Amino acid sequence: MTAERDEIAVVGAGLAGCLLACFLARRGYRVALYERRPDPRTGRAERGRSINLALSERGLDALRRIGLDDQVMADALPMRGRMIHPVAGEPQFQSYSAAGDLAINSISRGALNNALLTAATALPGVRVAFDHRLVGLDPVTGEMTFETAQGKVTAAAPVVLGADGAGSAVRGQLLAYGVLSESLDFLDYGYKELTIPAVGGEFALDPAALHIWPRGTSMMIALPNPDRSFTCTLFWPTHGTASFASLSSPAAIERHFATHYPDLVPLAPNLVDDYQHNPVGVLGTVRCAPWQANGRVGLVGDAAHAIVPFYGQGANCAFEDVVVLDRCLDECDDDWAAALPLFQARRQDDAEAIARMALANFVEMRDKVASPVFQARRELDHALERALPGRYVSQYELVSFSTTPYAQVRRRVRRQQAVLGAVAATAAALLVGAVGAALARGRRR
Ligand SMILES: Cc1cc2nc3c(=O)[nH]c(=O)nc-3n(C[C@H](O)[C@H](O)[C@H](O)COP(=O)(O)OP(=O)(O)OC[C@H]3O[C@@H](n4cnc5c(N)ncnc54)[C@H](O)[C@@H]3O)c2cc1C
């Protein structure tokens, strides 16, 4: 359907908002994107705020549908596995897939956002109002109030979609009007970014891996950038011993990194400055319901269901939301009052499933990846994947390299684990039986 339709308001020209504008314009809608920041294509990135992210199959699938995948992938750095950095000894590589051929992609968040913004604004009927911060929204009339440099302005739309991130003002307005309830679960952990610059124009570490320094209760990761630097992210407790709060003097910072991350120190000449000046970001899970009000105000992406970043899925999930919402509009013949509740019904279990898997992956990344038991388990996963192609698939593969709905992934992995457990129990019983029989034979002799 391409007949010109009413103008839909999308609040937030971030990753989900820009992609949504592209999908809506393809359906023939006019779209007004409202963004609180200035045009990011003319400004500079905020210091220390999630410079890159891992894009995998779900995000790529969405980009393919608007023909943007090749452009985005041109600057992507494929990471085929994890490189585990112990405190002492050589780093060890663990591939993500059995054949070692599947990769997640390190992408510049800014470049991705700019590519989506440019693609959206190139489409007929899409306009962007930058420096417009939503501060008011009437969920019955669709009237919005924005703070701008010129003071408060109002606008109205028949449908308002909140793609304004984890701290969504649209969600806040629905909460204030009593049409939504929310729960925010913050971790006692925060994140801070550091930089490993290029050395002599080359990457200082292997760029084909996501680097992890698992340290039990905390960790650091590093992803490569197209300028051959790496962005490291510390995931540390915010308070207590060995926390962001407890470490502030240059000498203490140097001592801590020399003890716990010794191979980083020679690679990060601005370590102390980065550490002291880059902000600590918060990490949490947002749950809310309903995701829509009156069939005219809806939430997508982090605004509806922000998750912790440990599966590298927040943006991928937000992109997948847009694909699912587009499908719901198809099925409901663009009747928003039917499509928005259908979208929530289709997506809420999936959002909950990835929220849980992301939380569980924090423990895996910061602690388990370094253990021999985890490594043996991963080898077994890969052996089973090779032996039972398509029938046994690891959770990581299903999440990162397929578009199987997240809730189905959890169910399938549970079934696989139950079968494995039963096989292991049978094997153990047979072994015990065989040993018992052998001992009995020995006693009779
Ligand atoms: C440290 C870290 C690492 C991450 N790594 C990954 C990763 O590897 N892979 C992955 O898939 N995901 C990752 N994520 C998650 C990912 O960043 C988010 O899930 C994704 O950005 C969500 O997109 P969004 O468009 O919903 O929200 P956002 O990207 O937050 O966009 C929201 C937009 O709304 C605008 N806005 C906010 N309030 C208002 C307002 N009142 N009025 C108007 N505009 C407003 C904002 O300026 C912004 O442009 C990571 C997150 C963090 C914190």
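Are Tyr 189 and Phe 362 buried or exposed? Both Tyr 189 and Phe 362 are buried, where buried stands for under 20% relative accessible area, exposed for over 50%, and partly exposed for anything in between (1.4 Å probe, protein chains only).

## About the model

This is a predicted model, in which local features need a pLDDT of at least 70 and side-chain atom pairs count only at pLDDT 80 or more, while totals for chains, interfaces and linings use all residues. Residues are numbered from 1 along each chain as its sequence is written, and side-chain values use heavy atoms, with hydrogens and water left out.

Strands of a sheet pair through backbone hydrogen bonds, either parallel or antiparallel. In this structure, an open sheet of three strands has the order 3-7-4 with antiparallel pairing; strands (E, at least two residues) and helices (H or I, at least four) are DSSP runs numbered from the N terminus, and two strands pair if DSSP finds at least two bridges between them. Strand 3 (52-55) and strand 4 (77-79) are the edge strands, each pairing on one side only. On average, neighbouring strands of this sheet are turned by 35 degrees against each other, direction ignored.

Strand 4 is joined by three bridges to strand 7 (residues 104-108), and the two run antiparallel; Met 79, for example, has Ile 104 in strand 7 as its bridge partner. Helix 4 (residues 109-121) packs on the sheet, touching strand 3 and strand 7, and its direction makes about 80 degrees with that of strand 7. Contact here means heavy atoms within 4.5 Å, and the angles, which run from 0 to 180 degrees, lie between N-to-C directions of axes fitted to C-alpha atoms, for helices over the stretch in contact.

## Aromatic pairs

A search of the whole structure finds 20 aromatic pairs, counting rings of Phe, Tyr and Trp (its six-membered ring) whose centres lie within 6.5 Å, with planes under 30 degrees apart called stacked, over 60 edge-to-face and the rest tilted. One of them, Tyr 189 with Phe 362, is edge-to-face, at 4.8 Å centre to centre and 85 degrees between the planes. Because Tyr 189 lies in strand 13 (residues 181-196) and Phe 362 in helix 10 (residues 336-366), the pair ties together parts that are 173 residues apart in sequence. Tyr 189 and Phe 362 also belong to one aromatic cluster with Tyr 191, Phe 235 and Phe 310.
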